[in-house]
Amino acid sequence: IVTDENGEDIPVPDDVRVYLFSGTGHAGPIMLNHNAAFSQNPTYPMNLLNYNPLNRSLLVALDEWATQGIPPPASRFPLSGDGTLVPPLPQTTFGFPDIPGVRYPGLVNELSEMDYSQQPPRPIPGHDYLVLVPKVDADGNERAGIRLPDISVPLGTYTGWNIRGAGFSQGVLMLVGSYFPFAATAEERLANGDPRPSLEERYPGHKHYVEAVTRAVAELQEERLLLAEDAERYVAKAAAAPVGG
């Protein structure tokens with residue numbers, strides 16, 4: 001929704017904000033836990049990244065904008081012009097790593113100009129829209145947008161896509177994303193052929209992990225993208241996590 005039919009960036013008006021919640025799936029954890037239709041037989045483990053903290057902080061910002069004239073945080077989303085919005089294929093352009101046991105499909109919901117002179121309307125050959133997707137980093141996590149600590153201080157790869165399994169239109173896209181955890185140790189990673197650094201390599205000690213999460217949380221708070229109560233929850237969760245020994 002931020003590019004035209006040719007994949008060119010569309011200017012955002014001053015009275016509009018656009019945000020990408022990086023690494024999130026279409027349906028949040030609450031929806032997935034209460035509606036089995038969203039999660040019928042996925043090929044890969046589901047992405048349960050909770051983006052409610054961002055909803056809460058931006059709702060407060062919207063209220064302050066409407067009632068006090070305080071501008072909300074600047075838009076945060078990928079752009080075609082700076083290379084953070086790219087075609088899904090080839091995989092090398094998109095940047096998704098070769099995770100063991102994972103097949104990157106490169107599927108998108110294709111769009112085309114339609115011929116409405118016939119019913120049902122049909123796509124006009126050669127009039128396809130260029131559909132772009134957020135480019136990912138070496139871990140497979142999205143580079144642009146608002147990156148919660150789950151993405152900026154990751155324990156795995158979060159994607160917005162997953163593939164339906166047998167019995168449910170096998171091979172097509174789902175409304176849920178995928179989650180691929182990092183190996184615990186370098187030895188395990190090398191044995192599996194995983195190019196992503198292990199938890200052991202990223203966070204030499206528990207203190208390192210907690211400090212990294214604390215810094216990420218502070219940055220989001222300073223940018224008015226995380227409320228104090230959610231910041232406390234993230235730090236407490238990191239302190240209780242069995243990461244870094």
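This is a predicted model: local features need pLDDT of at least 70, side-chain atom pairs count only at pLDDT 80 or more; totals for chains, interfaces and linings use all residues.
Met 114 stands opposite Pro 123 in strand β3. These two residues belong to a pair of strands, β2 (residues 112-115) and β3 (residues 122-128), which run antiparallel over 3 bridges. Two strands are said to pair if DSSP finds at least two bridges between them. A hairpin of 6 residues joins β2 to β3. Strands here are DSSP runs of E, at least two residues, and helices are runs of H or I, at least four residues, both numbered from the N terminus.

Residues are numbered from 1 along each chain as its sequence is written, and side-chain values use heavy atoms, with hydrogens and water left out.

I turn now to the interior. A nonpolar core is a set of buried Ala, Val, Leu, Ile, Met, Phe, Trp, Tyr and Cys residues joined through side-chain atoms within 4.5 Å. Buried means under 20% relative accessible area, exposed means over 50%, and partly exposed lies in between, with a 1.4 Å probe and protein chains only. The largest nonpolar core has 28 residues, and those that touch the most other members are Ile 146, Leu 148, Val 153, Tyr 209 and Leu 226. Two or more residues come from each of α2 (52-68), α7 (206-222) and α8 (228-240). Helix α7 gives the most to this core, namely 7 residues. Another core, of 11 residues, lies apart from it and includes Tyr 44, Phe 94, Val 102 and Phe 180.

What does Val 153 touch, leaving aside residues up to four places away in sequence? Its contacts, meaning heavy atoms within 4.5 Å, are Tyr 203, Tyr 209, Ala 212, Val 213 and Ala 216.

Let us look at helix α8 itself. Its 13 residues should span 18 Å at 1.5 Å a residue, and the end C-alpha atoms are 19 Å apart, which agrees; the expected span is 1.5 Å times one less than the number of residues. Asp 230, Ala 231, Tyr 234 and Ala 238 are buried in α8. The buried residues of α8 fall within an arc of 105 degrees seen down the axis, so they line one face of the helix. That arc is taken from the directions from the helix axis to the C-beta atoms. Their cover includes α2, α4 (149-152) and α7. Glu 232 and Ala 240, on the other side of α8, are exposed.

Finally, the charged pairs. The structure holds 10 salt bridges, each a side-chain nitrogen of Lys or Arg within 4 Å of a carboxyl oxygen of Asp or Glu. Which residues form a network of salt bridges? They are Arg 56, Glu 229, Asp 230 and Arg 233.

Glu 223 forms a salt bridge with Arg 76, the closest N and O atoms being 3.3 Å apart. This pair links distant parts of the chain, 147 residues apart: Glu 223 is in the loop between α7 and α8, and Arg 76 in the loop between α2 and β1 (85-86). Glu 223 counts as partly exposed because its relative accessibility is 37%.

Arg 196 and Asp 194 also form a salt bridge, at 2.8 Å between the closest N and O atoms, and both residues are buried.
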